[in-house]
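Welcome! Please open the structure in your viewer and keep the selection tool handy, and we will walk through it stop by stop.

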Amino acid sequence: MRRMRVAAVCGAALVTAVGGVAPAAGAVRGDEAVRGDEAVRDAVAVRGAVAGLAYHGSADIVGDRVDVRFTPHNHGPAAVPDSVVRIRWSQPLEEGQTLPARCAPEGDRAVRCRVGRLGAHDSGERIGLRVRLREAPSEVLLEFDPVGSDGTVDESRAAERQRVLVLDTGDKYYF
């Protein structure tokens, strides 16, 4: 039986949702993309509200395939009307992958996934991604960044990014 290891999380577990707006959601296949420009016009700023976004789950890497499963959480006292998380990989992704309907590629090393509304002290729907990297590295660093939440902010400036180091051991790394 494989040993399970706890991933090294650099930074705080809470991730700040700072300004901006969430991109529109849509099915993503091939070259379709999530567009943030349309959402800018429709965004309603919620100034001064406090949220504490975090992403908890697991990741593993086998060869050139990375499986990431996570659940978004809002640990703050304010609801987040709409939010998006950007997941960046330290290695380039293979082109032309099919992603879940609420996710879209962003450049060659990132994917944006629409999280949606999160109430105060609430959890969102679980998101699962399976991506292929261009090469099979011995390790990959994942970075989870909030992209926007209609002006909802977290006053803790030290918690802006969540990082997870995943080694090609076949083990699941929890964060």
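Is Cys 113 buried or exposed? Select it: Cys 113 counts as buried, at 0% relative accessibility. Here, buried means under 20% relative accessible area, exposed over 50%, and partly exposed in between, using a 1.4 Å probe and protein chains only.

Before we go on, a word on what you are viewing. This is a predicted model, in which local features need pLDDT of at least 70 and side-chain atom pairs count only at pLDDT 80 or more, while totals for chains, interfaces and linings use all residues. Residues are numbered from 1 along each chain as its sequence is written, and side-chain values use heavy atoms, leaving out hydrogens and water.

**Stop 1: the disulfide**

Cys 103 and Cys 113 form a disulfide, with their sulfur atoms 2.1 Å apart; the cut-off is a pair of cysteine sulfur atoms within 2.5 Å. The pair links distant parts of the chain, from Cys 103 in strand E6 (residues 103–106) to Cys 113 in strand E7 (residues 110–114), 10 residues apart. Cys 103 is buried too, with a relative accessible area of 0%. Look along the S-S bond: its torsion is about 110°, so the disulfide is right-handed. A search of the whole structure finds one disulfide.

**Stop 2: the whole fold**

Zoom out and colour by secondary structure. Helices (H or I, at least four residues) and strands (E, at least two) are DSSP runs, numbered from the N terminus. Of the protein's 175 residues, 46% count as buried.

**Stop 3: Arg 86**

Next, select Arg 86, which is found in strand E5 (residues 84–89). Arg 86 counts as buried because its relative accessibility is 15%. Leaving aside residues up to four places away in sequence, Arg 86 touches several residues, among them Glu 106, Val 111 and Phe 144; contact means heavy atoms within 4.5 Å. Show the side chains of Arg 86 and Glu 106, and you will see that a polar contact of 2.4 Å joins them. A polar contact is a pair of N or O atoms within 3.5 Å; within protein, one must be able to donate a hydrogen and the other to accept it, and residues adjacent in sequence count only if both atoms are side-chain atoms.

**Stop 4: strand E9**

Finally, select residues 127–132, which make up strand E9. Its covered face holds Ile 127, Leu 129 and Val 131, and its uncovered face holds Gly 128, Arg 130 and Arg 132. Val 68 stands opposite Leu 129 in E9.

Definitions and conventions: Two strands pair if DSSP finds at least two bridges between them.
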